[in-house]
Amino acid sequence: MGMGPLENAASAVEAAAAVEAAGVVGAAAAVAGILPSVAACAVPSAGSYAVLQCGEDSEYVRKAYSGYFQVFRSLLEEDGESWRVYRALRGELPTDAEAAGFDGFVISGSCADAHGDEPWILALVDLIRRLHAAGKRILGVCFGHQILCRALGGRTGRSTKGWDIGVSCIHPTAAAARLFAPLKLPVHMPVIEFHQDEVWELPPNAEVLARSDKTRVEMFRYGDRVMGVQGHPEYSKDILMSIADRLLQRNLILDCQVDVAKASFDVRQPDKELWKKVCRGFLKGRLPSQQQKQQAVVVL
């Protein structure tokens, strides 16, 4: 039986992993003076990425930024890359043949519940499982963080501590410090938050990368190719406040919650440059995988 596009992609990923591991062995040998390092001179090629947009563009974001797709591109895009958006909320998802052509995917936030059973959410869950099986890199933000958890075997639901709106300080774990060692993560990583749902239980073998006073799982990773971030690295203050004002007008949040959100920016600012490095590094595979680390340890 022939393989489908995503199955072919999975085979290609396995082959690439073998090449990566060989590169680490070669580099380690070069350190020992055994052979010259070619891998150190390699220049990564530009990639192809897709945003699975799970919410509609607000009028404000559409006018100020041309939509959330452009907001994500501003955070993540680099020269030479190709980016495309799929409106997941409208049932628009990549076919297997299209998905096979992308190096990575970003799943956005949403007003919907990741634990809901709307048809588009169930279709997204199914796609996530297929993308993961094919070895695709996936970064989930807010709702995207939660839906990754659900699709891979975890549980999500309402936070017992209520809404978290504003700039929050999240604290990376020792696992995050190791994973992002080249970035020398600070002990506090300010990020904009806007959520009332959270991860209740991680998928088996997933690893917590960050926590906060209000949320036990601010970041997690599942293997070397899936990472969720509960906060909004892509947001700026004006985007947050435009959403808060809209929810306030609909009586979905309280005046005091909006006041707390505004005041949080007087205490600290989100570290957008740090989050840009974190998100780009993971999505684009610039961090050493577990297999590479193990190979390097064996060789050295």
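Four bridges join strand S1 to strand S3 (residues 104–107), and the two strands run parallel. Strands, like helices, are DSSP runs numbered from the N terminus (E, at least two residues, for strands; H or I, at least four, for helices). Two strands pair if DSSP finds at least two bridges between them. This is a predicted model, in which local features need pLDDT of at least 70 and side-chain atom pairs count only at pLDDT 80 or more, while totals for chains, interfaces and linings use all residues. Residues are numbered from 1 along each chain as its sequence is written, and side-chain values use heavy atoms, with hydrogens and water left out.

**Chain overview**

- The secondary structure of the chain comes to 11 helices and 11 strands.
- Of the 300 residues in the chain, 50% are buried. Buried means under 20% relative accessible area, exposed means over 50%, and partly exposed lies in between (1.4 Å probe, protein chains only).
- Among contacts with a separation of 6 or more, 74% are between residues 24 or more positions apart. Contact means heavy atoms within 4.5 Å.

**The sheet**

- Nine strands form an open sheet with mixed pairing, in the order S2-S1-S3-S4-S11-S10-S9-S6-S7.
- S2 and S7 are the edge strands, each pairing on one side only.
- Neighbouring strands of this sheet are turned by 25 degrees against each other on average, direction ignored. Axes are lines fitted to C-alpha atoms, for helices over the stretch in contact, and angles run from 0 to 180 degrees between N-to-C directions.
- Strands of a sheet pair through backbone hydrogen bonds, either parallel or antiparallel.
- Strand S4 (residues 137–141) pairs with S11 in the parallel sense over four bridges. Leu-139 stands opposite Met-227 in S11.
- Helix H3 lies across S1, S2, S3 and S4, and runs at about 145 degrees to S2.

**Strand S1**

- Why is S1 largely enclosed by the rest of the structure? Six of the six residues of S1 (residues 48–53) are buried, so the strand is largely enclosed.
- Ser-48, Ala-50 and Leu-52 point one way from S1, while Tyr-49, Val-51 and Gln-53 point the other way. All of them are buried.
- In a regular strand the side chains alternate between the two faces of the sheet.
- Six bridges join S1 to S2 (residues 82–87), and these strands run parallel. The bridge partner of Ser-48 in S2 is Ser-82.
- On the S3 side, Tyr-49 stands opposite Gly-104.

**Pocket and cavities**

- On a 1 Å grid over the protein atoms alone, a cavity is a set of points where a 1.4 Å probe fits but cannot get out, and a pocket is an open set with protein on both sides within 12 Å along at least five of seven lines; lining residues have an atom within 4 Å of a point.
- Grid points are joined across faces, edges and corners, and a volume is the space filled by probe spheres set on the points.
- The second largest pocket holds about 660 Å³ of space. Its lining has 31 residues, and the closest to its centre are Gly-109, Ser-110, Cys-111, Ala-112 and Ile-243.
- Elements that give two or more residues to this pocket lining are H3 (68–76), helix H6 (143–151), strand S7 (189–195) and helix H8 (237–249). H8 gives the largest share, three residues.
- The lining of the second largest pocket divides into 14 nonpolar, 10 polar and seven charged residues. Here Ala, Val, Leu, Ile, Met, Phe, Trp, Tyr, Cys and Pro count as nonpolar, Asp, Glu, Lys and Arg as charged, and the others, Gly among them, as polar.
- The structure holds two cavities of 30 Å³ or more. The second largest cavity has a volume of about 30 Å³.
- Gln-53, Gly-55, Glu-56, Arg-87, Leu-89 and Arg-90 line the second largest cavity. Its lining divides into one nonpolar, two polar and three charged residues.

**Loop residues**

- His-232 lies in the loop between S11 (226–229) and H8. At 3% relative accessibility, His-232 counts as buried.
- Leaving aside neighbours within four places in sequence, His-232 is in contact with Gly-109, Val-141, Cys-142, Val-191, Ile-192 and Phe-194.
- Lys-184 has a phi near 50 degrees, a positive value in a residue other than glycine. Lys-184 is in the loop between helix H7 (174–179) and S7, and is exposed at a relative accessible area of 69%.
- Asn-251 has a positive phi near 60 degrees. Asn-251 sits in the loop between H8 and helix H9 (255–267), and is exposed at 69% relative accessible area.
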